[in-house]
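Here is a quick tour of the model for anyone about to set up calculations on it. We'll start at the ligand, then look at a helix pair and some backbone details.

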Amino acid sequence: MDRQKRDGRAAARAHRRDLAKGDPVGLPLVMSSTYHLPGETAGFRGYGRSANPTWEATEAALAYLEDAPTLAFPSGMAAITAALMPLLKAGGRLLVPSDGYYTVRNLAGRFLQPFGVIVEQRPTSAFLDGGVEGFDVVYAETPSNPGLDIVDLAAPAGSTKAAGATLIVDNTTMTPLGQRPLDLGADIVVSADTKAIGGHSDVLFGHVASRDEARIAAIRDWRTVSGSIPGPFEAWQVHRSLETLELRYERMCATAGYLAERLAGHRAVHAVRYPGLPGDPSHNLAKAQMQSFGFLIGFVLPSREQAERFIDACALLQPATSFGSTHSAAECRIRWGDAVEPGFVRLAVGCEPADELWRAIADSLDRVAI
Ligand SMILES: *Cc1c(COP(=O)(O)O)cnc(C)c1O
């Protein structure tokens with residue numbers, strides 16, 4: 001999707017066109033476990049595990065941005081689980097990244113494997129080496145988090161189709177504004193809307209989007225049967241967050257580009273990873289397949305101790321996990337067991353004014369640098 005079309009969708013999405021005179025312009029929050037249902041049931045909402053008008057409005061808004069039918073879930077992991085479950089059975093083969101979101105590896109290793117699913121892991125930087133022949137599901141995360149390596153989506157899409165595998169892409173770090181996996185040939189997109197789409201550190205949410213009717217029907221079935229449904233209030237929060245997504249996302253990405261250049265020039269910092277930096281290993285592919293370079297930056301300080309002190313001493317960095325919120329956040333990823341250097345910091349850029357943020361970061365870096 002080109003920039004103008006993407007912006008057109010972001011702009012049009014802010015306007016509800018389905019209103020009758022006197023309707024509320026703000027989205028009504030509907031809290032009901034059951035619906036008035038005399039007689040025949042087909043074609044009507046009946047029970048809260050199958051349908052809710054507030055989720056439906058949030059799904060419609062997300063579907064408009066994805067340009068694909070979309071289903072909402074109570075968390076990113078619930079969305080990922082729902083995308084995987086209908087596609088896998090005993091003897092099925094699943095490829096996951098060894099350096100992506102760690103709970104996906106947990107799900108695969110601790111829960112899918114004991115049911116007889118064969119799970120293979122590869123690093124994102126070499127995800128396609130060895131081909132995808134024989135896999136039922138290829139699950140990619142790009143850019144990977146926290147390493148920010150990139151998978152060439154057009155390449156596996158071609159080869160997954162030839163191999164008969166389903167390609168699922170986790171698009172959490174980019175949102176539909178920053179990357180369009182379905183346009184590049186992915187079969188299914190999953191997203192943790194807990195991050196930039198929710199954007200205020202106050203809600204967990206997720207979604208799955210696909211242009212394949214049969215897959216969406218199977219995932220909807222999984223949701224209804226397993227009960228993995230979003231709460232109406234959380235759906236309402238995410239709908240409200242979508243009102244400012246474009247504004248927040250653009251600010252975050254622009255500030256990340258500004259900070260990455262300055263971090264790369266600071267004497268205490270080495271190994272800055274940001275796909276927008278011309279020297280970054282991900283840069284050329286990022287330029288070709290992403291609409292922006294995102295808001296995550298990785299960099300290394302000489303030790304974990306210095307990295308922790310840098311984070312704690314910076315007045316404008318929340319020492320917290322997660323990313324995509326209005327506030328900037330940072331953490332040492334080694335504390336979660338990621339395969340990174342001890343002094344590796346993941347910086348999740350927020351919406352603060354860029355100059356103020358850089359001043360606070362530079363101050364704190366100067367204090368820990370020897
Ligand atoms: C956070 C995250 C998830 C999981 O989302 P939850 O809402 O925490 O379940 C999945 N993938 C990526 C890339 C994430 O960052």
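The shell holds 14 residues, the closest being G76, M77, D170, T194 and K195; a residue is in if one of its heavy atoms lies within 4 Å of the ligand. Helix 3 (residues 76–84) gives the largest share, 3 residues. By type, the shell splits into 6 nonpolar, 5 polar and 3 charged residues, with Gly counted as polar.

## What you're working with

This is a predicted model, where local features need pLDDT of at least 70 and side-chain atom pairs count only at pLDDT 80 or more, while totals for chains, interfaces and linings use all residues. Numbering runs from 1 along each chain as its sequence is written, and side-chain values use heavy atoms, leaving out hydrogens and water.

## Helix 2 against helix 8

How do helix 2 and helix 8 pack, and at what angle? Helix 2 (residues 53–66) and helix 8 (residues 232–242) pack at about 35°, with axes 8 Å apart; axes are lines fitted to C-alpha atoms over the stretch in contact, and angles run from 0 to 180 degrees between N-to-C directions. The crossing is left-handed, so the near helix is turned anticlockwise from the far one by less than a right angle.

On the helix 2 side, T54, W55, A57, T58, A61, L62 and L65 meet P232, A235, W236, V238, H239 and L242 of helix 8, with contact meaning heavy atoms within 4.5 Å. These residues divide into 10 nonpolar, 3 polar and no charged.

Most residues other than glycine have a negative phi, and most peptide bonds are trans. The T142 to P143 bond is cis, with omega near -5°, and a cis bond also joins N145 and P146, with omega about 15°. P143 lies in the loop between strand 4 (137–141) and helix 5 (154–163), and P146 is found in the loop between strand 4 and helix 5 as well.

D67 has a positive phi, near 60°. Look for D67 in the loop between helix 2 and strand 1 (70–73).

Key:
Helices (H or I, at least four residues) and strands (E, at least two) are DSSP runs, numbered from the N terminus.
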